[in-house]
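Visitor: I have a new model on my screen. Please show me how to read it, one feature at a time.

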Amino acid sequence: MANVLSRLPRLTRTSVGLCLVALLSSGTVIADTPRMLKDPRPFEAQYRLEVRGWPSATITHRLSDEGSHWLSDMNFSVRVARGQELSRFSISDDTTHALLYSSSYSVLGVGDRYQLSEAEIPSLDRQTALFDLSRRAGHEACTESTPCEIEFVDHKGEDEHFQYYVDKQHITDPGSIGMVGDEFEALNVSLFDVEKPDRLLQLRFHPDWPGLILSVAYQKEGRSETRLTLTNFNPKGGPD
C-alpha cells in the first residue's frame, strides 16, 4: 500500500496507509536482546486512519499462522484510494526472517504493484519489521539519549535507516475494543530519521500481542499529520 496517500511519511505509507517500520534480524543493527521474546498469536484488528487533508479510512490488519510461516496482511479503502500490503515471514528462536513482500495501491483507478522475494530482502521488509519491532520493543536498552538503530527495505527494496527508543506507559483498557478490561504496560516507540530530525513517528504496541498496534502518531515540524487508532480487536484471528 506504499505511496497510496502522498501525505503519509515513508514509514506510514504501507498497507496500513501507515505501516510502518522495520528492523532487525540479518542485517539490522540493534542493541543486545534477551531471549524468550513473546510468541506470536493470530489476530484480526481494525484501525481508524486519519490523515490531514484526506477522508478517514478503516485499515484491517490480520496476522495469520500458516504452519511453516506467518502472514501479516493490511488493507484499506477510501473513496478515492485503496491499497494492500502483506508479507510472509518465519521465526526461529528470537530471529524473524522475511520470505516474501507484496504491496499494491490504486488512486482514482490508477496504481501499481510491488513484490520482493526473499533474495531481495537483505534485512526485513517493513511489514515484517513492524511485527519484529513490536516483539522486541522494551527488551533493549534503547533510550532517547542512546537510541537503537533500525534498518529495513521499503516497498521497492531500497534501504531505510532510522533510530528509535522505547518508553512504557501504564494504561487501562475498558474492553471496548474487544480486549479484556485490564491494565498493562503499553510499549511506546519513538522513531525518527536522523536525516530529517523535524519528523517523528510514535507507535504504541500491546506487550502481549506481537504486531498489534494500539496507536500511531506522525508529526512533521511539530504539526500532526497522521493518526492511527485501534478500534476493534479479535483475538481469534477473524473469520476463516
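Visitor: Which residue in E5 stands opposite Ser87?

Guide: Keep in mind that this is a predicted model. Start with the general idea: in a regular strand the side chains alternate between the two faces of the sheet. Now the case here: Tyr101 in E5 is the residue opposite Ser87. The pair belongs to E4 (residues 81-92) and E5 (residues 95-107), which run antiparallel and share 12 bridges.

Visitor: What joins E4 to E5, and which residue there takes a positive phi?

Guide: A hairpin, with two residues between the strands. Asp93 has the positive phi, near 55°.

Visitor: Which strand pairs with E5 over eight bridges?

Guide: Strand E6, residues 110-117, again in the antiparallel sense. Find Ser103, then look across to Tyr114 in E6. This hairpin also has two residues between its strands. Leu108 takes a positive phi near 55° there.

Visitor: How many helices and strands does the chain have?

Guide: One helix and 12 strands.

Visitor: What share of the chain is buried?

Guide: Buried residues account for 52% of the 240. The largest nonpolar core holds 43 residues. Among those touching the most other members are Tyr47, Tyr164 and Phe205. A second, separate core has seven residues.

Methods
Residues are numbered from 1 along each chain as its sequence is written. This is a predicted model: local features need pLDDT of at least 70, side-chain atom pairs count only at pLDDT 80 or more; totals for chains, interfaces and linings use all residues. Side-chain values use heavy atoms; hydrogens and water are left out. Helices (H or I, at least four residues) and strands (E, at least two) are DSSP runs, numbered from the N terminus. Buried means under 20% relative accessible area, exposed over 50%, partly exposed in between (1.4 Å probe, protein chains only). A nonpolar core is a set of buried Ala, Val, Leu, Ile, Met, Phe, Trp, Tyr and Cys residues joined through side-chain atoms within 4.5 Å. Two strands pair if DSSP finds at least two bridges between them.
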